Amino acid sequence: MSGDPPLPFDPPDAPPGLYPAPPAALAGRLRASVPEKRFVHSLGVAAEARRLAALHGADVPRAWLAGLLHDCAKGIPKERQAEECDRLGVALDPATRALPQVIHGFLGERLARTDYGVRDEAVLRAIRLHTVGGAGMTALDKVVFLADGTEPGRHYPGVEDVRAAADRGLDEAIRLFLDGQFAYLASRGGAVHPATLLLREELR
Ligand SMILES: [Fe+2]
Ligand SMILES: [Fe+2]
């Protein structure tokens, strides 16, 4: 739309074979399968993951690619995602099944593999972990997890503090981000996924 700021599309150079198709083709496929708002968010996460990766020593093109595709399963309605996992043979443990809002990470890993052709296991893992986190996350996992909460389109109480912390260090920023999330969930009676609790515990 005229008047909108240009979308932040700036794919970094990647080693041969990391991008399963030209970046513009991957973005075009994503744009055709998720709502426009989600697509704009995905470009924001890709750009922010790229920036954080460069700042904190994670792999830059992997961070960009995982950021771009992290929400690729969001075109499937939330209430149908578990069923789709069952159909495709994507295993969901009971804790994950009980939290419909996190399932798109697990389904997204599968779709990134089958629908987008991603073969890089580190990228696929970062996509899977972006909703729940876990113990033993790599710098790449953390960059994608955090970029989801700090990309320029995110607005929530405390986001500026999380952004400032993200420039200083991944662990401190994730701690701050999770504390805000946990407080929000507690106020609404929502449950926290056990993998997210493990992550928070590890960062203590
Ligand atoms: Fe997501
Ligand atoms: Fe997201």
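Which residues have the most contacts inside the largest nonpolar core? In this predicted model, local features need pLDDT of at least 70 and side-chain atom pairs count only at pLDDT 80 or more, while totals for chains, interfaces and linings use all residues. Residues are numbered from 1 along each chain as its sequence is written, with chains lettered from A and ligands numbered from 1 in the order in which they are written.

The answer is Ala49, Ala66, Leu69, Val143 and Leu146, in a core of 53 residues. A nonpolar core here is a set of buried Ala, Val, Leu, Ile, Met, Phe, Trp, Tyr and Cys residues joined through C-beta atoms within 7 Å; buried takes 20 or more other C-beta atoms within 10 Å of a residue's own, exposed 12 or fewer, and partly exposed is in between, with C-beta atoms placed from the backbone. Helix H2 (residues 36–56) gives the core its largest share, eight residues; helices are DSSP runs (H or I, at least four residues), numbered from the N terminus. Leaving aside neighbours within four places in sequence, Ala49 is in contact (C-beta atoms, placed from the backbone, within 7 Å) with Ala63, Trp64, Ala66, Gly67, Val143, Val144 and Ala147.

Then there is Asp59, in the loop between H2 and helix H3 (60–69). Asp59 counts as buried because 23 other C-beta atoms lie within 10 Å. Asp59 and Ala14 are 45 residues apart in sequence, yet 9.8 Å apart in space, C-alpha to C-alpha.

How values were computed. Helix = DSSP H or I, 4+ residues; strand = E, 2+ residues; numbered from the N terminus. Contact = placed C-beta atoms within 7 Å.
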